[in-house]
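Here is a short report on one protein chain.

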Amino acid sequence: MTDRATLLARAREMRRNPTEPEKRLWRHLSASQLAGHKFRRQAVIDYYIADFFCPHKKLIVEVDGDTHDFDSDFKRDDRLRKQGYQTVRFSNLDVMGNMEGVLTVLVEVLDGTPDRWAGRRASTTPNPSSEAEGLE
């Protein structure tokens with residue numbers, strides 16, 4: 001297993017040198033352009049580097065080339081699923097030739113995925129008491 005510092009350095013390098021499909025998809029995901037959802041590129045999650053990650057939905061988006069190992073991907077996705085993450089995979093061909101379809105699927109998945117922090121109270125601080133309270 002690789003240590004976290006090594007993973008972070010590798011993720012930084014991958015952000016500096018993205019593949020062409022990653023560049024093209026990032027143009028649609030950056031700056032919360034896709035239905036207002038914030039994404040990160042080359043995010044370190046557990047002992048893996050996700051191509052794209054929407055923290056609010058715990059959604060990982062992978063863009064797979066021809067050399068992907070499906071068994072390894074399945075094990076990785078299963079491990080992350082057990083931690084509450086969902087992974088959506090697209091091929092390089094999908095991204096390069098059908099961006100509209102990729103974005104449509106992503107919006108459908110995002111819309112159908114509950115918010116990570118749903119139900120969490122905005123504040124646990126009680127309201128301040130009035131000046132008169134406690135003077136009697």
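Residues 120–136 keep a pLDDT under 50, and the model gives them zero contacts beyond four places in sequence. pLDDT is the predictor's confidence in each residue, from 0 to 100. Contact means heavy atoms within 4.5 Å. Where pLDDT is low, the predicted coordinates should not be read in detail. Over the protein, the mean pLDDT is 87, and 85% of the residues reach 70 or more.

This is a predicted model: local features need pLDDT of at least 70, side-chain atom pairs count only at pLDDT 80 or more, and totals for chains, interfaces and linings use all residues. Residues are numbered from 1 along each chain as its sequence is written, and side-chain values use heavy atoms, with hydrogens and water left out.

**The sheet**

Four strands make an open sheet with mixed pairing, in the order β1-β2-β3-β4. Strands (E, at least two residues) and helices (H or I, at least four) are DSSP runs, numbered from the N terminus. Two strands pair if DSSP finds at least two bridges between them. β1 (40–45) and β4 (86–91) are the edge strands, each pairing on one side only. On average, neighbouring strands are turned by 45° against each other, direction ignored. Axes are lines fitted to C-alpha atoms, for helices over the stretch in contact; angles run from 0 to 180 degrees between N-to-C directions.

Two of the pairings are set out here.

| Strand pair | Sense | Bridges | Example partners |
|---|---|---|---|
| β1 and β2 | antiparallel | five | V44 and I49 |
| β3 and β4 | parallel | six | D64 and S91 |

β1 and β2 form a hairpin with two residues between them. In its turn, D46 has a positive phi of about 60°.

**The helices**

α1 lies across β1 and β2 and runs at about 165° to β1. Helix α2 (residues 20–29) also packs on the sheet, where it touches β1, β2 and β3. The direction of α2 makes about 30° with that of β2.

**The largest pocket**

How much space lies in the largest pocket? About 350 Å³. A pocket is an open set of points on a 1 Å grid over the protein atoms alone, where a 1.4 Å probe fits, with protein on both sides within 12 Å along at least five of seven lines; lining residues have an atom within 4 Å of a point. The volume is the space filled by probe spheres set on the points, which are joined across faces, edges and corners.

Of the 18 lining residues, M14, I49, D51, E62 and H68 are the closest to the centre. α1 (4–16), β2 (48–54) and β3 (59–64) are the elements that each give two or more residues to this lining.
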